[in-house]
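Please consult the sequence and the structure while working through each solution.

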Amino acid sequence: SWPKIGDLYETALEAYGLSLGEALSWKGPLDDLKQRDQFAVPVMFVAGGNDQVVPWKENGELLEHLLRKLGCPVSSIVKATCGHHPHSLHDPTPIVDWVESLR
């Protein structure tokens, strides 16, 4: 999703060299993934469920569902009350266990 308020929106348009019309019709990289026949790279998300910068529901959750449809091994840890930071867990055991399970 795009930042759609204030200066962030204008900054994003300028950074990507897009007009307002192009930005409004932009679909994003997820549309490209839908074109791929195979996708088997394991992915784990650690995200903030209350992220106002990159909202989970508009970004990570969509990618998670798409990757599952493509047969990709996916796991998610969504920290319900966490915002955009920190990108970590106090106890990394769930991540280590997940990586170990891929062997």
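**Exercise 1.** Determine which residues make up the largest nonpolar core, and which elements supply them.

*Solution.* A nonpolar core is a set of buried Ala, Val, Leu, Ile, Met, Phe, Trp, Tyr and Cys residues joined through side-chain atoms within 4.5 Å; buried means under 20% relative accessible area, exposed over 50%, and partly exposed in between (1.4 Å probe, protein chains only). The largest such core has ten residues: L33, V43, F45, A47, W56, L66, L67, L70, C72 and V74. Strand 1 contributes the most, three residues.

The model is predicted: local features need pLDDT of at least 70, side-chain atom pairs count only at pLDDT 80 or more, and totals for chains, interfaces and linings use all residues. Residues are numbered from 1 along each chain as its sequence is written, and side-chain values use heavy atoms, leaving out hydrogens and water.

**Exercise 2.** Classify the aromatic pair formed by F45 and W56.

*Solution.* Rings of Phe, Tyr and Trp (its six-membered ring) pair if their centres lie within 6.5 Å; planes under 30 degrees apart count as stacked, over 60 as edge-to-face and the rest as tilted. The structure holds one aromatic pair. The ring centres of F45 and W56 are 5.5 Å apart and the planes stand at 75 degrees, so the pair is edge-to-face. F45 lies in strand 1 and W56 in the loop between strand 1 and helix 4, eleven residues apart. Both F45 and W56 are buried.

**Exercise 3.** State how many disulfides the structure holds, and whether C72 is buried or exposed.

*Solution.* A disulfide is a pair of cysteine sulfur atoms within 2.5 Å; the structure holds zero. C72 is buried, at 5% relative accessible area.

Conventions
Helix = DSSP H or I, 4+ residues; strand = E, 2+ residues; numbered from the N terminus.
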